[in-house]
Amino acid sequence: MNADTNDCWPTLGGKLTKLLAEAHGVMTESAKVAVEWLPGNCAFLSDGSVLALGRKIGDSRYPYGPGGFNFWAYSSGRMHCNDGLFDIFPKVQDGAEPVIAFFAGIEVAGGGWMPLPLLPVPELQTGGLRVSRYTIMHPAGVFYCTEAGGMRFVLRVFVDTAGRLGFSCWAVNCSSERRRYFVSSFFNPHLRHALHQSEEDRWFREVEKFPLEGDGAGIFLITTNEDVARGVSLTNRCYVVRKVTPGRGTELIGVDETTARDGVVGSWCGSLFNPASVYEGRFLNVRGLTAFTQEGVAADMVHAMGISGGELRIDWVLDFAEGISEGENGDPGPPECSAGRLDAAFWAVDETSGDRHAGLRFRFVEEEGLVRAAVLNRFVEHLKRQVEFCALINGYVQLSENSLIGVRDIFQALEALAFWQPAVARGKMLEGMEYMTPEGRFFRQYSLPAEDGRPGRMDLRPFIDQGCWVIAAVASYLQLTGDVDFLRRRCGYHEIVDERSGVVRRSEKEDEILMHLVRTLDYLLAMRDTRTGCVRVLYGDWNDALDGMGVSRDPHEEYGSGVSVMATLQVYENTRQMCEILERFGNADMRGRIRKYRRAATELREALYREAIVEAGGERRILHGWGDGRSYEVGGFEDPDGVARDGLTANAFWVLSGMLERDASLRGDILKAFERLDSKYGLRTFQPAFPAGAPGVGRISRLPAGTAENGAVYVHAAAFGIAALFAMGEPRRAWKQLAKIFPFTSLHERLTHSPFVMPNSYGFNRDKGIDGESMNDWQTGSSNAVLKILIRFVMGIQPGWDGLLIRPAAWSPFREMSCRLVLRGRRLEVRVVRGGKDGAGRSFLVDGKRRSGATDGISGVEGLFIGWEELSSEETLVEVIG
């Protein structure tokens, strides 16, 4: 046997063995199945998992763990995790020593060892040994595969449903000779409620090893003590439990263990980039307990001898606890570790993940080359997981004090998640509804309360748009589910104690959710500028880098009369949404408010036409906003830096808010703005970018031109523009833009993040050498915006109060596409088959019966309305042809 063939695999089970063989075949170009390659040297395998090979630019990653447990695994082999502010394995800087590492050593003729890292980091010199590596990112866990010297090693890493880390390593001798080798693990957790490590950490840290029944078994106990407040001390701990299972033809020679870091790297100043123990096949300092003087770690080295085809399996379980107490109700002891338990736990995670996402399925068939159907089919499965991740975060995804739970962020994501996990979305909405004042002002970000009920840290900067997203998300949720009881649920408030410090207290007031929505809209309407009638921007709007328009010219006032047109458009839409909610679910006392909101809608509409549209030389533009006293404008013909500029989001929301329905003549002006905003990677947030020091706009001018919100393709904003193009009946333009922002198209050769989920931006600045790089992935609102485009515009599934509108876009690059989901407890499949001309002569079939549709006045697209009562109790099939 030979590691270059597919006949030497560890016993992971049928599905996983097949997956490993497929990945190996792709890597060696001997695959029997066609795979779909992505930028970043990645590919989708047949089951939708991601094969990630080495890359010089950027890295791919996947998050694992329940609740607020954030475990990140990278294709490079880097790993880090935290649970809230409890830093378990810290994120290290690029090029720094990892805190989790695995090595192997293969005995060479004449004695000595050939060192072999089992992760891409740290990189070691392997003496000319030919090494092949590949990483498989599966929704339930990650697999790191290494092949060298006639040996094949597979390391599986996952987080179980209780938040325990499971590591399993399989070593198989694929050569024709007996082989002696070792596998070594290294764990160096932080285990503190601290954002950074310090020299003093080791003073309050102890690592001790204990024996465990069974050949090769062992336990490490890592304990840290920390003072989190005067008089409040915590003891945190981590158990590392190991079991060794030699397979047929493999002899366990022995296990070495050490708790001393210098025993692994050779000296206090040594490094994992040159680990002496791996070169020598033994630990240089074997200590059963390390405390105070040097950094304690949990490290082991398992030696084995295997015949050809012989296999060794080693399992580790890591269990963490923070703030444990002494006595009977304190530390429950080490977790169980066995091959069977870990396998069962892995498949339980896999099954749970599959079940959560089974409620929404897409299928795209045969493309015209703009977007590959097979890639998009697999991409949307990861996109759903990205939306879920963004919707359900519990804060501190990035381990920093300000990485809290954003109100606007989660409510946009929850609006999308409700399409296939409505009950889960409902629960998170109820949580978020409490983080507002009794006056109706939502906080920008919040964190969950401590165990004793004390409120957590808050970001109280008054970004005006927070409540807009809440009203929109709740209205969408109600249309999707018909869950009137949600409005009757009682919910509390928080009162601001110290705004600058982010200190709040729980209010004694409590209301039904319906009243929370009423108070929210009342607050937003109260924030209108008395002179222009538009909504004041205060600290900022959705584009939070543009945080200068709300500054007051009066040194005694913090906020002036500066306005956000985008927020005004959102509030205009909110007034209509609240009227619809109150007309259906409000009591007689709400009639006065309905009249008030209708009047406010009229006033906002008139103000927008009067104030937000500027004209010069026969050309019209929609402003993004203006500063205090309208002393300057942004997004018009003369911005504060003296140049004409287009802004994307106000143009997009002019369409999405329904304003275009009142005056379709602006359609041409909006399309021209989109043309000027277009670029290599899609629609830019502003064009041109703001120069350094541009007055009146805030920190956006301190971002390099062509990055983030300052003249780059900020993908969330680009998605707003794409939705507007679909809404205007411009599907070919919309799909062209979608193809630009999808990270998996050939355009993105310099993608710096994961190509299988949405990034947050694409930068471009030729002078600074920026061309397509991204700031971030996973935690970005672009994910929910793109998913809602696929549901509402591409497939045309638009739930309403009384029924369902099915109005797919008039054109797509696919011959056929379908979407299956559950709405109000009833299964629905929408199947769209492309006809001749763009949506012309469209026909509808509902369970095989022909139905007549109606044409939309703005998009010109024909759609079919189906009352909720018409949906079958089993499954309804709606076919759209043409």
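Trainee: Which residues touch the most other members of the largest nonpolar core?

Mentor: Bear in mind that this is a predicted model. Nonpolar side chains tend to be buried together in soluble globular proteins. The largest nonpolar core here has 223 residues, and apart from it lies another core of 31 residues, among them A23, V35, V154 and F346. Within the largest nonpolar core, the residues that touch the most other members are F167 and W654.

Trainee: Leaving aside its neighbours within four places in sequence, with which residues is F167 in contact?

Mentor: Contact here stands for heavy atoms within 4.5 Å. Once the neighbours within four places in sequence are left aside, the contacts of F167 include R156 and D315.

Trainee: Which residues of helix α16 are buried?

Mentor: Helix α16 spans residues 731-741, and because eight of its eleven residues are buried, it is largely enclosed by the rest of the structure. The cover over these buried residues includes α5 (373-391), β34 (713-714), α15 (715-727), β35 (761-762), α17 (782-794) and β40 (814-823). The buried residues of α16 are P731, A734, W735, Q737, L738, A739, K740 and I741.

Trainee: How many residues apart in sequence are the parts that the pair C8 and C174 ties together?

Mentor: The structure holds one disulfide, which joins C8 to C174 with an S to S distance of 1.8 Å. With -85° about the S-S bond, this link is left-handed, and both C8 and C174 are buried. Since C8 lies in the segment before α1 (14-27) and C174 in the loop between β13 (165-173) and β14 (179-187), the parts tied together are apart in sequence by 166 residues.

Trainee: What is the distance from the sulfur of C491 to the closest cysteine sulfur?

Mentor: C491 is buried, with a relative accessible area of 2%. Its closest cysteine sulfur belongs to C468 and is too far for a bond, the distance being 19 Å.

Trainee: How far from C579 is the nearest cysteine sulfur?

Mentor: C579 is also buried, at a relative accessible area of 6%. C579 is in no disulfide, and the nearest cysteine sulfur, that of C468, lies at 15 Å.

Trainee: Which residues lining the second largest pocket are the closest to its centre?

Mentor: The second largest pocket holds about 1,100 Å³ of space. By class, its lining has twelve nonpolar, eight polar and seven charged residues. Of the 27 lining residues, the closest to the centre are L85, H193, E322, A450 and E451.

How values were computed: Residues are numbered from 1 along each chain as its sequence is written. This is a predicted model: local features need pLDDT of at least 70, side-chain atom pairs count only at pLDDT 80 or more; totals for chains, interfaces and linings use all residues. Side-chain values use heavy atoms; hydrogens and water are left out. On a 1 Å grid over the protein atoms alone, a cavity is a set of points where a 1.4 Å probe fits but cannot get out, and a pocket is an open set with protein on both sides within 12 Å along at least five of seven lines; lining residues have an atom within 4 Å of a point. Grid points are joined across faces, edges and corners, and a volume is the space filled by probe spheres set on the points. Ala, Val, Leu, Ile, Met, Phe, Trp, Tyr, Cys and Pro count as nonpolar, Asp, Glu, Lys and Arg as charged, and the others, Gly among them, as polar. A nonpolar core is a set of buried Ala, Val, Leu, Ile, Met, Phe, Trp, Tyr and Cys residues joined through side-chain atoms within 4.5 Å. Buried means under 20% relative accessible area, exposed over 50%, partly exposed in between (1.4 Å probe, protein chains only). Helices (H or I, at least four residues) and strands (E, at least two) are DSSP runs, numbered from the N terminus. A disulfide is a pair of cysteine sulfur atoms within 2.5 Å.
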